[in-house]
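I opened the notebook with a few things to look up. My entries follow in the order I made them.

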Amino acid sequence: MYLYLPVALTSINILIPVGLGLAVGLLSGLFGVGGGFLMTPLLIMFGIPATVAAATDSNQIVAASTSGTYAHWRVGNVDFKMGLYLLIGGFIGGLFGVQAIKILKATGNADFVIKMTYVLMLGIVGTYMFIESLQSIRKAKKGDDAHISESSKESAFGRFLKALPLQTHFEKSGVTHSLLLPLIFGGFVGVLAAIMGVGGGFLMVPVMVYILRMPMHVVVGTSLFQILFNCIEVTFLQAYTNHNVDFILAALLLLGSTVGAQVGAVFGRKLKGEQLKIILAIIVLAVTVKIIFELTLSPSLLLSQAGGH
Amino acid sequence: MKDFKFQISNFKLIAALLFCSAVLLLYSSSARAELTINANHDHIKIDFFYNGSTVSVSGVSDPDVDLIVKISSADGYETLKQKGKVAGILWMNVGTLEFKEAPNFYSVHSTKNIEDMLEKGEADKYVLGYPALERHVEIIPAAKAEEKDRWFNEFLKYKESSKLYASSVGRLSAQSKAGKGLYCIKLDWPYQAPPGDYIVKVYAVKNKKVVEKAETKVFVEQVGIVKRLSGMAKDSGALYGIISIIAALGAGFGVSLIFRKGGGAH
């Protein structure tokens with residue numbers, strides 16, 4: 001059955017957005033990512049204008065991340081305190097990122113910088129996560145000795161972090177950090193996410209795992225919590241300033257994604273932290289390869305709609 | 001009294017019949033048939049379940065003319081992102097191109113190849129066919145002719161891929177009957193065509209000149225929920241945004257509660 005989308009001004013078979021929502025929602029519940037880096041290009045592929053695809057996806061993520069956050073919160077896997085500081089950092093970073101985009105556009109090579117940042121970030125994060133989780137899976141097989149040597153290796157960086165002012169304990173995550181840490185790294189992700197025009201979940205997850213040293217399951221819940229607030233803000237701004245949110249499309253997507261997020265959260269609990277990390281790493285690397293192909297193969301159309309990135 | 005009324009209505013009937021016969025006689029005895037055009041579906045309503053439509057354009061013409069049917073929206077301008085190679089290997093957006101005097105929708109169908117049946121000047125005057133459209137459209141910045149040609153072809157590819165441009169030769173069928181030409185073409189109306197007025201014109205061509213033309217309109221309009229939602233998205237963006245967010249939050253919580261009740265979370 002086809003439905004007409006009043007803002008995208010196009011007609012779509014309802015099975016497409018519901019199916020896409022289900023698949024991306026599943027990943028969202030599993031890994032704590034919004035999935036914009038997968039959903040937006042897929043929607044464009046199915047004929048949704050690029051600007052509407054990105055804006056509508058953020059509306060849909062509000063539903064999926066509500067569903068996912070709730071599922072993770074019920075089993076105590078959301079660190080609200082950490083989420084809040086990351087959120088504040090991310091918000092401030094986003095403001096800087098938007099200014100950076102304006103400057104880049106004025107210099108005329110915005111697209112090059114955006115694409116390169118995207119490929120590099122995805123590539124670095126994917127590779128690092130893949131290698132690290134592979135190593136920890138191997139170490140876990142050998143026994144616990146490896147963990148001790150690992151923690152003594154990183155003590156230099158650890159000492160530096162401990163020396164920072166405003167140390168506070170994050171109970172849910174079981175870690176003690178300076179308040180500056182989530183603010184700075186949240187801000188860093190915020191700048192990059194605004195430049196790339198994505199939510200930044202795939203960057204925030206590794207930051208929480210490797211820099212903030214939070215347990216993977218709490219990372220997923222906390223990431224979803226802060227994605228929820230980011231996407232509320234983005235949806236409002238998109239609807240208010242660009243009139244790009246297609247409510248019907250969002251409704252079809254969230255039919256699938258809210259259910260997918262719940263199922264993902266259930267599956268996630270059955271998998272180990274390392275297993276989750278390595279699957280996410282593979283997905284991130286697959287997206288990197290896809291973008292590299294897109295950049296190097298001759299496109300079928302050399303013109304596309306202006307607006308957005 | 002009753003008889004009198006009956007007589008009056010009888011008289012009206014007879015008068016109407018006589019008038020029609022006279023018109024028909026005049027019509028059939030005239031040497032040339034006046035060009036007419038009719039679109040069977042001239043008011044397309046975009047409702048919630050809209051997935052495009054079909055429009056048949058038909059009419060009467062002189063039997064010995066060639067015909068061109070053109071459906072187009074008003075000339076406008078469009079800014080499109082332009083892909084190019086960077087550093088020799090990477091395809092990315094390298095700038096924008098502006099297409100001026102280009103209709104958003106352009107669908108042209110003829111009985112024969114337009115360039116064979118029509119003088120270039122005539123084709124340009126009425127903007128008939130892609131080559132005439134290329135001469136009509138201004139592309140900024142594309143100063144050189146070969147640049148313009150290249151990007152116009154890319155523009156056609158882009159427009160045809162979204163079904164907004166179409167052209168055909170021979171699909172417009174014409175036949176003569178009782179000294180008159182009857183023409184007809186059935187077109188798929190794409191759902192990608194946005195709401196608005198579309199001018200449908202038919203041109204009769206003889207000796208490489210347009211000798212007659214006629215026009216009608218297709219009006220595409222959003223109705224019902226579609227109209228209300230798109231109006232709201234445009235006119236009250238803040239309220240629309242807030243409703244979209246609340247609905248998404250509600251759906252997220254709603255599904256969570258269903259899963260909780262169903263015991264799916266454990």
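**Helix α12 of chain A**

I began with the buried residues of α12(A): A:Leu276, A:Lys277, A:Ile278, A:Leu280, A:Ala281, A:Ile283, A:Val284 and A:Thr288. I keep in mind that this is a predicted model. Next I asked what covers the buried residues of α12(A). The cover includes α1 (15-31), α5, α9, α10 and α11, which belong to chain A.

I then checked the length of α12(A). With 24 residues at 1.5 Å a residue, the helix should span 34 Å. I found its end C-alpha atoms 35 Å apart, so the two values agree.

**Helix α9 of chain A**

I turned to α9(A), one of the helices that cover α12(A). How many of the eleven residues of α9 (201-211) are buried? I noted nine, so the helix is mostly covered. The buried ones are A:Gly201, A:Phe202, A:Leu203, A:Met204, A:Val205, A:Pro206, A:Val207, A:Met208 and A:Val209. After α9(A) comes A:Arg213, and I noted its positive phi, near 55°.

**Where chain A meets chain B**

I looked up the contacts between the chains. On the chain A side 46 residues take part, and on the chain B side 48. Which elements of chain A each supply at least two residues to the side that touches chain B? I listed β1 (2-5), β2 (10-13), α3 (50-74), α5 (110-142), α10 (216-242), α11 (247-270), α12 (273-296) and β5 (303-305). The largest share of this side comes from α3(A), with ten residues. By residue type, I recorded 29 nonpolar, 14 polar and three charged residues on the side of chain A that touches chain B.

I followed β5(A) into its sheet. This open sheet has four strands in the order β5(A)-β5(B)-β6(B)-β8(B), with antiparallel pairing. Which strands stand at its edges? They are β5 of chain A and β8 (138-140) of chain B. Each has a single partner strand, so one side of each lacks a neighbour in the sheet. From one strand to the next, the twist averages 35°.

I went through two of the pairings. β5(A) and β5 of chain B (residues 75-86) run antiparallel and are joined by three bridges. In this region I found A:Ser304 opposite B:Lys81 of β5(B). Three bridges also link β6(B) (residues 90-103) with β8(B), again antiparallel. Here B:Lys100 faces B:Glu138, which lies in β8(B).

As a reminder to myself, strands of a sheet pair through backbone hydrogen bonds, in a parallel or antiparallel sense.

**A sheet within chain B**

I also traced a sheet of four strands in chain B. It is open, its order is β1-β3-β11-β10, and the pairing is antiparallel. I counted five bridges between β10(B) and β11(B) (residues 180-189), which pair in the antiparallel sense. B:Ala174 stands opposite B:Tyr183 of β11(B).

**Chain B as a whole**

Last, I took the totals for chain B. It has seven helices and 13 strands. What share of its 266 residues counts as buried? I noted 30%. I also looked at contacts in chain B between residues at least 6 apart in sequence. Of these, 67% join residues at least 24 apart.

Definitions and conventions: Residues numbered from 1 in each chain as written. Chains lettered and ligands numbered in written order. Predicted model: local features only at pLDDT ≥ 70, side-chain atom pairs only at ≥ 80, totals over all residues. Contact = placed C-beta atoms within 7 Å. Nonpolar A, V, L, I, M, F, W, Y, C, P; charged D, E, K, R; others polar. Pairing = 2+ DSSP bridges. Buried ≥ 20, exposed ≤ 12 C-beta atoms within 10 Å, placed from the backbone. Expected span 1.5 Å × (residues − 1). Axes fitted to C-alpha atoms, helices over the stretch in contact; angles between N-to-C directions.
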